[in-house]
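Open the structure in your viewer and show it as a cartoon. The stops below say what to select and what is found there.

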Amino acid sequence: MGNPASEPKNLKVTQVGGAIGAVVSGLRIGADLDPADVAEFRAALLRHRVVFLRDQHHATDADQYAFAAQLGEVTSPHPTVRGDGHAILPIDSEQGKANSWHTDVTFVDRIPAISVLRAVTLPPYGGTTVWANTVAAYADLHPALKALAGQLRVVHSNAYDYALERPTSVNGIDTREEQYREEFANKVFRTEHPLVRIHPETGEPSLLLGHFAQSIPGLSTADFHDIFTLFQRHITRLEHTVRWSWSPGDIAIWDNRSTQHYAVADYDAHPRLLHRITIAGDIPLGLDNTPSHPLEGDASTFSPLQPT
């Protein structure tokens with residue numbers, strides 16, 4: 001199996017990187033989109049891993065939700081962070097900066113399938129986001145490293161808070177950051193995933209790692225870090241990435257099953273706010289069809305479980 005290859009009929013898809021990324025034109029998000037347009041959009045997403053919509057200045061939270069719901073079943077905002085209490089998780093620089101490579105919410109068993117991120121407030125400079133293609137990264141591995149990766153299981157946990165990976169200021173952590181820390185860690189999740197998962201729609205193998213990865217059962221901490229560094233460095237090679245400079249009205253949608261991303265914290269103290277919605281996913285399967293399994297925490301209130 002592979003990525004959908006049919007040419008779109010109603011939408012214009014412009015590739016922006018050799019390994020990942022495309023701009024989709026001809027789609028105005030909201031409710032009741034033409035099903036043919038939604039199907040074309042989804043095919044572009046599966047093929048290009050992350051797609052960008054421009055000039056969606058009309059879009060509200062309600063429009064974003066209505067659009068996301070046509071891509072799949074919407075989750076709650078986050079397993080531990082309340083967000084708006086319904087579906088929106090604010091990605092707010094005043095609560096922390098997600099300047100670390102990760103795939104969204106890998107510390108639960110049912111990793112979201114798709115993320116939809118809409119620009120709300122942008123800094124005057126900086127604040128770009130970079131995505132990496134984890135399918136291409138696996139395909140480019142040396143055969144011996146593929147053999148190793150296919151045998152490994154990795155424990156992911158939210159005990160590591162990627163969103164606050166930045167130096168503390170001279171005045172300490174402000175009240176909003178401290179509240180976010182406490183909310184993020186109020187419930188601990190730990191899940192064992194295969195290092196190589198099979199994409200449920202395309203059948204492609206993909207490396208599942210990122211900064212929620214904490215250990216490999218049976219290996220010492222030092223050996224885990226060596227293996228983590230080896231594969232993570234390979235995933236984030238520049239040839240596997242695309243970097244997006246946000247403009248007002250932009251929306252980014254990515255396949256969370258075949259990407260990692262990194263929000264670059266290079267905008268000083270300027271505010272940056274984006275709203276994220278995630279689409280429910282399945283439990284990953286390894287090359288041997290062994291599924292991920294939770295070690296701690298119940299994610300059923302965060303997301304329904306999509307069948308494999």
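Select strand β6, residues 129-133, together with β14: the two pair in the antiparallel sense over five bridges. Strands here are DSSP runs of E with at least two residues, helices are runs of H or I with at least four, and both are numbered from the N terminus. Two strands count as paired if DSSP finds at least two bridges between them. Within this pair, Val-130 stands opposite Tyr-262 of β14.

This is a predicted model, in which local features need pLDDT of at least 70 and side-chain atom pairs count only at pLDDT 80 or more, while totals for chains, interfaces and linings use all residues. Residues are numbered from 1 along each chain as its sequence is written, and side-chain values use heavy atoms, with hydrogens and water left out.

The open sheet then has its three strands, in the order β12-β6-β14, with antiparallel pairing. β12 (241-244) and β14 (259-263) each have a single partner strand, so one side of each lacks a neighbour in the sheet. From one strand to the next the twist averages 20 degrees; axes are lines fitted to C-alpha atoms, for helices over the stretch in contact, and angles between N-to-C directions run from 0 to 180 degrees.

Next, select the seven strands of another open sheet, ordered β1-β2-β3-β13-β5-β15-β4 and mixed in pairing. Its edges are β1 (12-15) and β4 (89-92); each has a single partner strand, so one side of each is left without a neighbour in the sheet. At the β4 end, four bridges join β4 to β15, and the two run antiparallel. Pro-90 has His-275 in β15 as its bridge partner.

Now show the helices. α1 lies across β1, β2, β3, β5 and β13, at about 130 degrees to β3. α2 packs on the sheet and touches β3, β5, β13 and β15, where contact means heavy atoms within 4.5 Å.

Which residues touch the most other members of the largest nonpolar core? They are Phe-41, Leu-53, Phe-67 and Ile-253, out of 26 residues. Such a core is a set of buried Ala, Val, Leu, Ile, Met, Phe, Trp, Tyr and Cys residues joined through side-chain atoms within 4.5 Å; buried means under 20% relative accessible area, with a 1.4 Å probe and protein chains only. α1 gives the most to this core, with four residues.

Finally, select the other core, which lies apart and has 21 residues, including Val-130 and Ile-227.

Note on methods
Buried means under 20% relative accessible area, exposed over 50%, partly exposed in between (1.4 Å probe, protein chains only).
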